Amino acid sequence: MNAEAPHGWPADAVRDRLVGDWHIYQRKGGHRTSTDDLITAWYAVHRAAGRPSRYLDLGCGVGSVLLMVCHKLRPQLAYGVEAQAESVMMARRAVGELPSQPCEILIEHADFRAADRNDEGCDLVTGSPPYFPLHTGVLPADAQRRACRFEERGGVEDYLSAAARALSPDGRFYLVFQTAGGARVLAAAAEQALHVTGQADFFMRSDRLEAFLSVFELSRRDVPSPHQFQCAVRDADGEVSAEYQAIRRELLGPDLEPSRG
């Protein structure tokens, strides 16, 4: 049952099914859950060594990655950090309306770049940073969409810095970024003494030669042969590929994808 909307609730917010009987709230005119979120959650789940004891989602937004990972892995403690008050409000309501409480899930309203955070000891961290510096495009008028696309509060370097502070010695960080910006990810990872231990590359279509999105697995420990994965989201005819459908089933179950309001 839906709780009464809190004061300041956005007028265009809708309740959409995310996975199973878990729902999220997202705005029709705001930032919405996307392929980026799904592949980040999937790679973290796919590569999981077991149930995480402590899981952190940096810049969790309305909670889509956080909740997809929690639904599948059931960590002992999970928490998201988000700077936008509107997104925090929607994420907290979604968590409060879960049909069961598989673990403790907390949503903190804060800028994760703050130096006095105490995140150390996470064995799983996820992050889906904005891709574009402020000077590289026309900024959306909507504040939520603008902050999710453009680096108003830092970019991939800040996500890697925060993850490095949070990770346990054997922890893993899963970061999605445009494949074309991979050199930026690698440079920032090296500054934080983090190593790429896996990479999942996604192609828009099977007949496209270059990947458009990559999820990087990073950790404190170097490995001789990092995990490699490739998948085309659509086939050459523009239909959703069998490989991508398998990914969605692995993460979301037989219903394949979240509903969209």
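## A tour from charges to core

Start with the charged side chains: select them and you get 29 positive and 36 negative ones, with the centres of the two sets 3 Å apart. Keep in mind as you click around that this is a predicted model.

Now show the whole chain as a cartoon. You'll find seven helices and ten strands. The radius of gyration is 17 Å, close to the 18 Å from the globule rule for 261 residues, so the chain is as compact as a globular protein of that length. Along the principal axes, the C-alpha trace spans about 50 × 50 × 40 Å.

Of the 261 residues, 51% count as buried.

Time to go inside. The largest nonpolar core has 74 residues, and Leu 160 and Phe 173 have the most contacts within it. Select Phe 173 and look beyond its sequence neighbours up to four places away: it touches, among others, Leu 58, Val 125, Tyr 159, Leu 160, Phe 216 and Leu 218. For the chain's contacts between residues at least 6 apart in sequence, 71% join residues at least 24 apart.

Last stop: Gln 144, in helix H4, which covers residues 143-149. Is Gln 144 buried or exposed? Its relative accessible area is 2%, so Gln 144 is buried. Show what surrounds Gln 144, again leaving out residues up to four places away in sequence, and you'll see it touching Arg 27, Gly 30, His 31, Val 62, Gln 84, Glu 86, Ser 87 and Met 90.

Technical notes. Residues are numbered from 1 along each chain as its sequence is written. This is a predicted model: local features need pLDDT of at least 70, side-chain atom pairs count only at pLDDT 80 or more; totals for chains, interfaces and linings use all residues. Side-chain values use heavy atoms; hydrogens and water are left out. Helices (H or I, at least four residues) and strands (E, at least two) are DSSP runs, numbered from the N terminus. The radius of gyration is taken over C-alpha atoms; the globule rule is 2.2 Å times the number of residues to the power 0.38. Buried means under 20% relative accessible area, exposed over 50%, partly exposed in between (1.4 Å probe, protein chains only). Contact means heavy atoms within 4.5 Å. Lys and Arg count as positive and Asp and Glu as negative; His and the chain ends are not counted. The place of a charge is taken as NZ of Lys, CZ of Arg, CG of Asp or CD of Glu. A nonpolar core is a set of buried Ala, Val, Leu, Ile, Met, Phe, Trp, Tyr and Cys residues joined through side-chain atoms within 4.5 Å.
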